Amino acid sequence: MKFQPTLMHERVHTIDILRGVSLLGILLVNMFGFYLPQPHIDTLHWFTEAKDIIWQQTLDIYVQSSFYPLFSMLFGYGLAMQYIKSQKTGINFYKFAPKRLIILLVIGLLHAFLIWWGDILATYAFCGFFLIVLIRLKSPWMITIAIMLNGLFHGFMLFVLSMMGMLNSEVEARAVDIIMIQNAITAYGTGTWMDAFTQRLADLSVQMGFGMWFMSLFTILPYMLIGAAAAKWRLIERAKELKVMWLILAVVGIGLGLFIKSAPYMFTHTHLLDYVKVVVGGPILAIGYMAVIIVICLLPFALKVLSPFAKLGRMSMTMYIMQSIIGTFIFYNFGLGLYGKMTVEMGTYIALGIFATQLIIAELWLSKFSQGPLEAAIKRLTYGKKLSEK
């Protein structure tokens, strides 16, 4: 018996919709990295115009730090679904899962080095190897490990801030490397593709340092474990049966999440409130967003109305890479050359335009093919399956 990838009739369309919506949140956050010299700046204190500050704060509250936990949970959910399927069919999960993660790691590294420095796929693949080691555990154990990893790390970080006497001090603009900022502006804003490539290597030395890989085990892997635990409980597939739970999570997640994330702006912007905003408010709001979408999907005709998002979610890998290609073309000098010339408002509108275009592309592509081109390539490399036409 051969291990088969997920077939169309086996797909959980709510998960595809969640992936599609997550792509919008990820794009809105990544836009800063496309047209600003990140990771060398302090975004919180970078903008001087009142309108830019308001837009940045709005995105910080509603989007920033809430969609990577959501996407991480969905990654864990999907991987656990594959594991559960292998258990039912009697196929060795570990014959295919590591191979798929290696392919994902290679794609992520190529994306980071050749297109855009802010890749997240390589990190997901890295954490995925730890996830497949733990995926045999029962859901309560995975939840416990997730809480321990995340809680101990952030507890330690808060302890360090406390010992430094910074918890209740107001967040001030941090020191930045002016030379690196100027180099990024020059390379991306006025340079050639090779100039951008050279600068991307410098950016990656900051973005993909040892600390990033180490921290991902405490900041991304826990959400993957939570997602995998949820998959073993089939929380999304049983949404109708568990609608009261999802309604409560929607109300509490949105309300509490937005309150915590707004706290630094409503009160004094201390290091404690700023830290809690990210590590507590972000994930809580992510669960709230997930719950709201799941509840909406229980409504009559909702799956049909939201099918464009589901189609985008079915092509999430392709669309994620496409966002980087479009983003760098719009802003880098070898494209339209708009780097450093954007207001936050205009950058947000461009992100919405890109996303709307991707909805159309996904609709057209999936009218002829069963999956996205990158998904088909991964499927072929992993399972030996060809891209099939409808």
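Since we have a predicted model, local features need pLDDT of at least 70 and side-chain atom pairs count only at pLDDT 80 or more, while totals for chains, interfaces and linings use all residues.

Let's start in the middle. The largest nonpolar core has 112 residues. By nonpolar core I mean a set of buried Ala, Val, Leu, Ile, Met, Phe, Trp, Tyr and Cys residues joined through side-chain atoms within 4.5 Å. Buried, in turn, is under 20% relative accessible area, exposed is over 50%, and partly exposed is in between, with a 1.4 Å probe and protein chains only. Which residues have the most contacts inside this core? They are Met31, Tyr35, Ile236, Trp246, Met290, Phe331 and Tyr332. Helix α1 gives the core its largest share, twelve residues. When I say helix, that's a DSSP run of H or I with at least four residues, strands being E runs of at least two, numbered from the N terminus. As a bit of background, nonpolar side chains tend to be buried together in soluble globular proteins.

Take Phe331 from that list. Leaving out residues up to four places away in sequence, Phe331 touches Met31, Phe34, Tyr35, Tyr188, Gly337, Leu338, Tyr339, Met342 and Ile350. Contact here means heavy atoms within 4.5 Å.

Now on to α1, which covers residues 13-35. Serine 22 sits in this helix. Is serine 22 buried or exposed? Its relative accessible area is 0%, so serine 22 is buried. Beyond its sequence neighbours up to four places away, serine 22 touches Phe67, Leu70, Phe71 and Leu74.

Over in helix α16 there's methionine 319, and that one is buried too, because its relative accessible area is 0%. Setting aside neighbours within four places, methionine 319 contacts Leu23, Leu312, Gln358, Ile361 and Ala362.

Next, how do helices cross? The axes of α3 (residues 50-62) and α17 (residues 344-366) come within 8 Å and cross at roughly 45 degrees. Axes are lines fitted to C-alpha atoms, for helices over the stretch in contact, and angles run from 0 to 180 degrees between N-to-C directions. That makes α3 and α17 oblique to each other: under 35 degrees counts as roughly parallel, over 145 as roughly antiparallel, 65 to 115 as roughly perpendicular, and the rest as oblique. Lys51, Asp52, Trp55, Gln56 and Leu59 in α3 meet Val344, Glu345, Thr348 and Tyr349 in α17. This contact divides into four nonpolar, two polar and three charged residues.

From α7, Leu149, Asn150, Phe153 and His154 meet Met215, Leu217, Phe218 and Thr219 in α10. Here the division is five nonpolar, three polar and no charged.

A quick word on cysteines. Searching the whole structure turns up zero disulfides, taken as pairs of cysteine sulfur atoms within 2.5 Å. Cysteine 127 is buried at 0% relative accessibility, and cysteine 297 is buried at 9%.

The peptide bond from glutamine 38 to proline 39 is cis, with omega near 5 degrees, and proline 39 lies in the loop between α1 and α2 (43-46). Serine 65, in the loop between α3 and α4 (67-89), has a positive phi near 65 degrees without being a glycine. At 7% relative accessibility, serine 65 is buried. Arginine 234 has a positive phi too, about 55 degrees, and is not a glycine either. Its loop runs between α11 (221-233) and α12 (243-266), and at 40% relative accessibility arginine 234 is partly exposed.

Methods:
Residues are numbered from 1 along each chain as its sequence is written. Side-chain values use heavy atoms; hydrogens and water are left out. Ala, Val, Leu, Ile, Met, Phe, Trp, Tyr, Cys and Pro count as nonpolar, Asp, Glu, Lys and Arg as charged, and the others, Gly among them, as polar.
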